[in-house]
Amino acid sequence: MFKLSIALASLVTLAVAQVAEWGQCGGIGYAGSTVCAAGTTCTEINAYYSQCLPGQASAPPPPSTPTVSQPSGPSSTGTAPPGLASIPASTLTQFSNFGTNPNNVAMYVYKPKTVQSNPALIVASHYCQGSAQDYYEGSTFAQLAETYGYIVIFPSSPWSGTCWDVSSTETLTHNGGSDSLSIANAARFAISNWGVDANRVFAVGTSSGAMMTSVLAGAYPDVFKAGIVDSGVAFGCFAEPNEAEDSWNAQCAEGQLILTGQQWQQKIATAYPGYTGSYPRMQVWHGTIDTTLYPQNFYEEIKQWTTVFGYPSTPISNVSESYLPSGYSNSTFGPNFQAILAQNVGHTVPLFEQQYLEFLGIA
Ligand SMILES: *[C@@H]1O[C@H](CO)[C@@H](O)[C@H](O)[C@H]1NC(C)=O
Ligand SMILES: *[C@@H]1O[C@H](CO)[C@@H](O)[C@H](O)[C@H]1NC(C)=O
């Protein structure tokens, strides 16, 4: 009997789930495991959030200070404390201390007046030379949140040209660092602290933000359940492993990087080795006269995602839609992948937010 209880006790010890690197290991309201994986230490980021950081116990990282100038105007109201109730409604609000943020990406949240219980989350990433404020003002994601009760996070790039880092090995690797890690951590924070439904975390973006959306879909398929790529490129197409972060890849942009579906799929597999879960549902949009990210990138995206999903390389249906301008064709390859090509549209295809919400299952 005595021996048995010892055996049971050690079994119980062994059974305590270890939290992986970057995972949450503590904080107010947190009920999960507080045991960090070997080589990482549970570090308090704030009262609501402790995270397993690489290395031994050390001081928490300094609070993030955005290196971009902050959007001005009455709608920006400083740093929000964690907890959904303390976020002011219907105004774009910066928040920080959401986890590791290597490049100090500035993070903003829009909470509608009435939030659904277990709300969906949309992470909306801006184009080059844009900001969180610009994308907030230039889209209807926030207004539609008032109708549908979801939460929006608008990240703001820290780089001088304010494109996103979609080229470094860090950003293209699961938990590898750079901008994609910051955005993934903000989404994880929203799940842990704001009651966001982990099964309804979505990424959308335009141009550089579309490329970031592909990066998030490929490197953080465990966090993001669907993505809308407006005028972007395939995951890994901008890779410049030997250049500084946030490099421009002219070969990719000009549609010269032409690979097989297998090769494109391999880039995604390499981003998160060992991952066996599902990949986000994807909807990609591109214009036929785009001279910033050439339309060949549309066909490279199709090769990539049809291979990931095991779909045929030609669409099951390719039709015009009554709500879209003439010249737009909607190709469906399977339930998880649609590609919309816009004849005579350049960079970028205008936003069709209501349609995105339908694809995301929100509207
Ligand atoms: C869908 O049809 C249009 C012409 O109507 C064509 O230009 C486009 O390439 C087709 N899309 C795909 C993915 O084959
Ligand atoms: C494309 O077609 C599919 C299949 O008919 C449909 O479910 C989807 O809503 C359409 N997508 C867009 C963007 O219109």
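Student: How far is an oxygen atom of ligand 2 from an N or O atom in the side chain of tyrosine 323?
Tutor: This is a predicted model, in which local features need pLDDT of at least 70, side-chain atom pairs count only at pLDDT 80 or more, and totals for chains, interfaces and linings use all residues; side-chain values use heavy atoms, with hydrogens and water left out. Residues are numbered from 1 along each chain as its sequence is written, while chains are lettered from A and ligands numbered from 1 in the order in which they are written. A polar contact is a pair of N or O atoms within 3.5 Å; within protein, one must be able to donate a hydrogen and the other to accept it, and residues adjacent in sequence count only if both atoms are side-chain atoms. For tyrosine 323 and ligand 2 the distance is 2.5 Å.

Student: What percentage of the area that ligand 2 exposes when taken alone does the protein bury?
Tutor: Asparagine 330 places a side-chain N or O atom 2.3 Å from an oxygen atom of ligand 2, and a polar side-chain atom of threonine 332 lies 3.2 Å from a ligand 2 oxygen. Accessible areas come from the Shrake-Rupley method with a 1.4 Å probe, and for residues only the protein chains shown count as cover. Of the 350 Å² that ligand 2 exposes when taken alone, the protein buries 66%.

Student: Which elements give two or more residues to the shell around ligand 2?
Tutor: The surrounding residues, each with a heavy atom within 4 Å, are Gln283, Trp285, Glu321, Tyr323, Asn330, Thr332, Gln338, Ile340 and Gln355. Helices (H or I, at least four residues) and strands (E, at least two) are DSSP runs numbered from the N terminus. On that basis, two or more residues come from each of E13, E15 and E16.

Student: How many charged residues does the shell around ligand 2 have?
Tutor: Ala, Val, Leu, Ile, Met, Phe, Trp, Tyr, Cys and Pro count as nonpolar, Asp, Glu, Lys and Arg as charged, and the others, Gly among them, as polar. By these classes the shell has three nonpolar and five polar residues, and the number of charged residues is one.

Student: How many residues of strand E16 are buried?
Tutor: Buried means under 20% relative accessible area, exposed over 50%, and partly exposed in between (1.4 Å probe, protein chains only). On one side of E16, Phe337, Ala339 and Leu341 are buried, and on the other Gln338, Ile340 and Ala342 are buried as well. For this strand, residues 337-342, the count is six of six.

Student: What is the bridge partner of asparagine 330 in E16?
Tutor: Two strands pair if DSSP finds at least two bridges between them. Six bridges join the parallel strands E13 (residues 281-287) and E16, and six also join E15 (residues 328-334) to E16, which run antiparallel. E15 and E16 form a hairpin with two residues between them, and in E16 the partner of asparagine 330 is isoleucine 340.

Student: Which element gives the largest share of the shell around ligand 1?
Tutor: Asparagine 318 has a side-chain N or O atom 2.3 Å from an oxygen atom of ligand 1. Taken alone, ligand 1 exposes 360 Å², of which the protein buries 58%. Two or more shell residues come from helix H8 (296-309) and from E15; the largest share, three residues, belongs to E15.

Student: Is glutamate 300 buried or exposed?
Tutor: A salt bridge is a side-chain nitrogen of Lys or Arg within 4 Å of a carboxyl oxygen of Asp or Glu, and glutamate 300 forms one with lysine 303, with the closest N and O atoms 3.0 Å apart. Both residues lie in helix H8, three residues apart, about one turn of the helix. Lysine 303 counts as partly exposed at 24% relative accessibility, whereas glutamate 300, because its relative accessible area is 0%, is buried.
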